[in-house]
Amino acid sequence: MTRTSDETTPDIEVHQLSVWYGQTPALRNVNLNISAGQILAIIGPSGCGKSTFLRVLNRMIERFSDVRVEGTVRVGSFNVLDDHVDVTQLRRAVGMVFQHPNPFPMTIFDNVAYGPRIFGMRSSTQLRKTVEDSLKQAALWDEVRGKLRRGAGTLSGGQQQRLCIARALAVNPRVLLLDEPTASLDPVSAAKIEELIVQLKSQYTMVIVTHNLQQAARVSDLVAFFEQGRLIEMGNTQEMFTAPREKRTEEFLTGRFD
Amino acid sequence: MKIDKVMDRVTHTVFALFLVVWLSVAGIIVWGTWRFISHYGFLSPILSSRWNPLAGQFGLWPFILGSLTVTVLAVVIAFPGSLALSVLGSRILQGIWRRYFVRLLMVFVSVPSVLYGWWGLIVIVPWVRRLSGTSGYGMLSASVVLGLMILPTFSILSLEAIRQVPESYVEGSVGLGATEDQTLWRIILPAARPRLVQAALIAVARGLGETIAVQMVIGGQIGGPGLLHPAATLTTQLLTDLPFLPPGVPGHDVLDFMAFDLMVLMTIIVWLQMRIGSWRYE
Ligand SMILES: Nc1ncnc2c1ncn2[C@@H]1O[C@H](COP(=O)(O)OP(=O)(O)OP(=O)(O)O)[C@@H](O)[C@H]1O
Ligand SMILES: [Mg+2]
């Protein structure tokens, strides 16, 4: 996984981003940068726009009707909000993992091979290698080797979530978006996913939405705190947790939030 | 409380009545079938092709073949259109357009079958006549009419089948960079397949039982082989021979046997349909 981006230009650059659902604003003038290989954790109360922000980064937002997006967003070489951007290539480069594991109703193998096949990989040796590599990367290989022809539904919830991560990794993305990836899992499975995220650090730029503040503290390099569609504060994880600049952030982190 | 009790009694009574009627109909058919079989056997009338009930010849094979051919062909004809309409109604049209579309399909479902038959008579039969040089009456015309008749039902059932596919599959696919088309062919339709097959089977059951619309365009007699000659199905022949074989006439029992064969075919379809309903992807 060699990344050619140099350290100085950020991998993700968001400038004056605003989003409306109909007349209701969901994000207002958000500005932030993330360097390649960093993990940004997004925290904030329910409904503050965290998922909305993630879905802008791979344009999944436009699947909702009546959405308006303004501002500029750059991810790698993609000018995300440009009308002429190749959305399939953008989404290939910006993988997404959802709150509820959503493997396709197919075999484990076909799940992981789905993306590569979409992008034209036909050779079965190549596919096998890609599937194996992706499953290894997602720390699932040891549990599923020899069972690749089984239905994905036979896996446990945590395994399914790692399968979804493997599926996203199989198309060789640059960025991974994770929307509360452990929220629907038991603590042991959640811990495994967390461990995996830490392992994948530096290979991928990641944005993770989480309601679990300890999790944010454990995995991330940067933390962004959103409230009512605004980015209240963003900073280095350790500083955010020990000495937040904003009062609202401090109240949220200490649970004195109304 | 009181109303509940009344309602309870009403439902029970209605159910009991239904059961009695159903059982007596089934009983009459089974009884006639039994008398028929004990005289003429079970397999030989099914496999024979000579039909002259007044002379004691009861070959049902042409009608069974007619029923199966017309029905299967009708479903084959209706399938592409139904699939296209169901995709249109579930994935392409949005909001009120989708609602109006479904309502329109409902209207077509409720058109009485005699109107479809009439349309077949004035449009399809002349059309087949011109293209083939035959009379135009036959299994091909019947299949087209029946195909068009089951199209709306088939479409609505397929539309429901597609709507049952969880949006999370679609998001997963699109999120990887798949286009809507790729997602449709590789995720949505395969995931909906068991229910689509169920929809097709319901359409088959519907087609197998249809009488009037088919009778109007199929020609109503045993003609030559092939789709372009007059033919008959189990249901249309039942209708044709009913006046000639009133109860008491020797040979009347064959009508019960034909009804019985229809019931067996239907039961097989229902059974298949239930088997598929329990298909689960592990
Ligand atoms: N598809 C949509 N149509 C209309 N409004 C929406 C839609 N999705 C989200 N919203 C609204 O936009 C705001 C932000 O939603 P978003 O899902 O981004 O919040 P969130 O921070 O992810 O919340 P949670 O922590 O509950 O997941 C909320 O007020 C929500 O009700
Ligand atoms: Mg959310």
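The side chains of A:Glu227 and A:Arg248 meet in a salt bridge, with an N to O distance of 2.6 Å. A salt bridge here is a side-chain nitrogen of Lys or Arg within 4 Å of a carboxyl oxygen of Asp or Glu. The model is predicted: local features need pLDDT of at least 70, side-chain atom pairs count only at pLDDT 80 or more, and totals for chains, interfaces and linings use all residues. Residues are numbered from 1 along each chain as its sequence is written, chains are lettered from A and ligands numbered from 1 in the order in which they are written, and side-chain values use heavy atoms, with hydrogens and water left out.

A:Glu227 lies in strand β9 (residues 222-227) of chain A and A:Arg248 in helix α10 (residues 247-253) of chain A, so the pair ties together parts that are 21 residues apart in sequence. Helices (H or I, at least four residues) and strands (E, at least two) are DSSP runs, numbered from the N terminus. A:Glu227 is buried, at 13% relative accessibility. A:Arg248 is partly exposed, at 27%. Buried means under 20% relative accessible area, exposed over 50%, and partly exposed in between (1.4 Å probe, protein chains only).

A salt bridge also joins the side chains of A:Arg245 and A:Glu233, at 3.9 Å from N to O. This pair links distant parts of the chain, 12 residues apart. A:Arg245 sits in the loop between α9 (237-242) and α10 of chain A, and A:Glu233 in strand β10 (residues 230-236) of chain A. A:Arg245 is exposed, at 61% relative accessibility. A:Glu233, by contrast, is buried, at 4%.

In chain B, B:Glu167 forms a salt bridge with B:Arg91, and the closest N and O atoms are 3.7 Å apart. B:Glu167 belongs to helix α7 (residues 167-175) of chain B and B:Arg91 to helix α3 of chain B, so the bridge ties together parts 76 residues apart in sequence. B:Glu167 is partly exposed, with 39% relative accessibility. B:Arg91 is also partly exposed, with 23%. A network of salt bridges links A:Arg55, A:Arg63, B:Arg91, B:Glu167, B:Glu171 and B:Glu180. Over all chains, the count comes to 23 salt bridges.

Helix α3 (residues 61-92) of chain B packs against helix α6 (residues 139-163) of chain B at an angle of about 40 degrees, with the axes 5 Å apart. Axes are lines fitted to C-alpha atoms, for helices over the stretch in contact, and angles run from 0 to 180 degrees between N-to-C directions. The angle makes α3(B) oblique to α6(B). Angles under 35 degrees count as roughly parallel, over 145 as roughly antiparallel, 65 to 115 as roughly perpendicular and the rest as oblique.

B:Ala203 lies in helix α8 (residues 180-209) of chain B. B:Ala203 is buried, with a relative accessible area of 4%. Leaving aside neighbours within four places in sequence, B:Ala203 is in contact (heavy atoms within 4.5 Å) with B:Val75, B:Ile150 and B:Phe154. B:Ala203 and B:Pro152 are 51 residues apart in sequence and 9.8 Å apart in space, C-alpha to C-alpha.

Chain B contains 11 helices and two strands. Along the sequence, the pattern of chain B is α-α-β-β-α-α-α-α-α-α-α-α-α. The C-alpha atoms of chain B fill a box of roughly 70 × 65 × 35 Å along the principal axes. Of the 282 residues of chain B, 41% count as buried.
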